[in-house]
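The following note comments on a single protein model. Please read the numbered points with the sequence and the structure at hand.

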Amino acid sequence: MTTINVYLTFNGNCETAFNYYRSVFGGEFASVNRFGGMPLADGHQISPEEQNRIMHISLPISNETILMGSDTVGEGAANFLVGNNFAISIRTNSKKEADQLFDQLSAGGRVTLPMDQTFWGDYFGMLTDQFGINWMISFTPGAQG
C-alpha cells in the first residue's frame, strides 16, 4: 500500500520537538539518525556543531501513520523558513510508481534531489511542486506493503 506521511524540518531543535511529540502521542522512535553518522560525498562537510543534529527521526503514530523529521545543516539551515518547514512524504510500492509520481509532481515545479539510490537503501527523491508544496518520494526495495 502506498502511504503518505508528514515530514517536519527543524533548525537545530528536532530532537527536542520529537521528544515532546513522543510525550503527546506515546510510543517509541523507530529510528534516530544523526548527521555525524552519515557518509559524506562530493566534498560535503558537516561542521562539528551540526554533527549531533538529527538527520532522520521517525515516530510511529499508528499502523498507517509515521511522524518523521530532521534538522537542517549548512546551506539548508541558512535558508530555513518557518511555515515552509514540512514536506509530504510518499512511500510507494515500486520503483516505477516512485518515478511516475516524481515525474508528475515535479512537472512545472523544481527538483531538489533527483530520484536515486541512497546510502540508507531507499530509492528516494525530493521536489517542490508548481504550487510550492514540498514532496519526498521513496521506495524501499524488499519492503512489504
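1. The model is predicted. Its secondary structure comprises three helices and eight strands. Read from the N terminus, the order is β-α-β-β-β-α-β-α-β-β-β.

2. As to overall form, the radius of gyration is 15 Å, which agrees with the value near 15 Å that a compact globule of 145 residues would have. The C-alpha trace spans about 40 × 35 × 30 Å along its principal axes.

3. Of the 145 residues, 34% are buried. The accessible surface amounts to about 8,600 Å², and carbon and sulfur atoms contribute 53% of it. Among contacts with a separation of 6 or more, 54% join residues 24 or more positions apart.

4. How many aromatic pairs does a search of the whole structure find? There are five. One of them joins Phe10 and Phe18 edge-to-face, with 6.2 Å centre to centre and 85° between the planes. Both Phe10 and Phe18 are buried. Ring pairs also link Phe10 and Phe18 with Tyr20 and Tyr21 in a cluster.

5. Phe119 and Trp120 form a pair with ring centres 5.2 Å apart and planes at 90°; planes over 60 degrees apart count as edge-to-face, so this pair is edge-to-face. Phe119 has 46% relative accessibility and therefore counts as partly exposed. Trp120, at 43%, is likewise partly exposed.

Notes:
Residues numbered from 1 in each chain as written. Predicted model: local features only at pLDDT ≥ 70, side-chain atom pairs only at ≥ 80, totals over all residues. Heavy atoms only, no water. Helix = DSSP H or I, 4+ residues; strand = E, 2+ residues; numbered from the N terminus. Rg over C-alpha atoms; globule rule 2.2 N^0.38 Å. Buried < 20%, exposed > 50% of the residue type's maximum accessible area, 1.4 Å probe, protein only. Contact = heavy atoms within 4.5 Å. Areas by Shrake-Rupley, 256 points an atom, 1.4 Å probe, with all protein chains shown as cover. Phe/Tyr/Trp six-rings, centres within 6.5 Å; stacked < 30°, edge-to-face > 60°.
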